[in-house]
Amino acid sequence: MYRGQSGMFSWWFHRISGLGILLFLLLHIVDITLLGFGPTVYNDVISIFSTWYIRIATLFLVAAVLYHAYNGVRIILVDFWPKGGVKYQRAMFYSVLVATVASWVPFAVYIVAPIFGGCLQSGGCQ
Amino acid sequence: MAKSVTQDTPAKERTSPISRPATYGAASKPRGGFELFSWYFFRISGVILIFLVIIHLLLMHVTNDVSKTVYDFVAARYQNPFWRVYDLVLETLALLHGLNGLRIVIDDNIRSHGWRLLAQSTIWVMALTFWLMGMMTIITFHPGETGGIMNLFGLLK
């Protein structure tokens, strides 16, 4: 029993994105623990984040976080807005998709630019 | 009108965190007990996490490029206790929010009581272990010192 066609995909993707973020979080706690091993070790490992393939992977993480956040807000609205929530849940789902893509693009530009030698940050890249 | 699986399930079966019936996403708001707490926890921690996570992502990837988030960058930030508290709250809420979600995914997908118990126990152990690891780093980090507790393992000279 699902509420509408979009309901199934939105719920399923909410779970997938959540699990993906959780998996990343567990790895992230491990890599931050390396701070205890001193600057050489820590910086060596952190430099992996700057490689082009990890930058691409970061794009997936950012997309997952944004979708999960927006869809989470949609879920809260459906739960706490008795009349409108269920009625507009499909429209809200499309808004979630649009918001995810729209806010993901600026992140993507900042994260991917250094691969091509560009750098949007004032502090420099690499 | 079809009732949800949750409403059809006897109350006793619904309140145990381990024997929560599989609802495949069709659950309505739980009646009480731990599941109700979990339901509210997701939503409240979720709203807080939206701000904590997005700001974290902005700081690490937008205002600074990730290549600049090196040891000294962390050391400078952690001189201000605000960022230690921020990261602690972020870590705690994210871990609990995420592992609670994992608990529900397991509840929905593993039928056998024995395997479910094993999986849930693993989640608790993971929660404790990773939370303590993160907390240890955030609280005890001091630049220039290789972490005290690491010396216990004889890994550092």
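A crossing of two helices is called right-handed if the near helix is turned clockwise from the far one by less than a right angle, and left-handed if it is turned anticlockwise. The legends below describe a predicted model.

**Figure 1. Crossing of α3(A) and α5(A).** In this close-up, α3(A) passes α5(A) in a right-handed crossing. The two axes come within 9 Å and cross at roughly 150°. Angles over 145 degrees count as roughly antiparallel, and α3(A) and α5(A) are therefore roughly antiparallel to each other.

**Figure 2. Residues in the contact of α3(A) with α5(A).** From α3(A), the contact is made by A:R55, A:T58, A:L59, A:V62, A:A63, A:L66, A:Y67, A:Y70, A:N71, A:R74, A:L77 and A:V78. From α5(A), the residues are A:Q89, A:M92, A:F93, A:V96, A:A99, A:T100, A:S103, A:W104, A:F107, A:A108, A:I111 and A:V112. By class, this contact has 17 nonpolar, five polar and two charged residues.

**Figure 3. Surroundings of A:L66.** A:L66 is one of the residues that α3(A) gives to the contact with α5(A). With its neighbours within four places in sequence left aside, A:L66 is in contact with A:T100, A:S103 and A:W104.

**Figure 4. The largest nonpolar core.** This core has 28 residues, and A:V65 and A:L66 have the most contacts inside it. On the chain A side, the elements that give two or more residues to the core are α1, α2, α3 and α5. On the chain B side they are α4 (71–78) and α5 (81–109). The element that gives the most is α3(A), with eight residues.

**Figure 5. The side of chain A that touches chain B.** The contact between the chains takes 39 residues from chain A and 37 residues from chain B. Two or more residues of the chain A side come from each of α1 (5–33), α2 (39–46), α3 (52–80) and α5 (89–112). The largest share, eleven residues, is given by α1(A). By class, the chain A side has 26 nonpolar, twelve polar and one charged residues.

**Figure 6. Chain B.** Chain B has six helices and zero strands, in the pattern α-α-α-α-α-α along the sequence. Of its 157 residues, 18% count as buried. Among contacts in chain B between residues at least 6 apart in sequence, 48% join residues at least 24 apart.

Terms used: Residues are numbered from 1 along each chain as its sequence is written. Chains are lettered from A and ligands numbered from 1 in the order in which they are written. This is a predicted model: local features need pLDDT of at least 70, side-chain atom pairs count only at pLDDT 80 or more; totals for chains, interfaces and linings use all residues. Two residues are in contact if their C-beta atoms, placed from the backbone, lie within 7 Å. Helices (H or I, at least four residues) and strands (E, at least two) are DSSP runs, numbered from the N terminus. Ala, Val, Leu, Ile, Met, Phe, Trp, Tyr, Cys and Pro count as nonpolar, Asp, Glu, Lys and Arg as charged, and the others, Gly among them, as polar. Axes are lines fitted to C-alpha atoms, for helices over the stretch in contact, and angles run from 0 to 180 degrees between N-to-C directions. Angles under 35 degrees count as roughly parallel, over 145 as roughly antiparallel, 65 to 115 as roughly perpendicular and the rest as oblique. A nonpolar core is a set of buried Ala, Val, Leu, Ile, Met, Phe, Trp, Tyr and Cys residues joined through C-beta atoms within 7 Å. A residue is buried if 20 or more other C-beta atoms lie within 10 Å of its own, exposed if 12 or fewer, and partly exposed in between; C-beta atoms are placed from the backbone.
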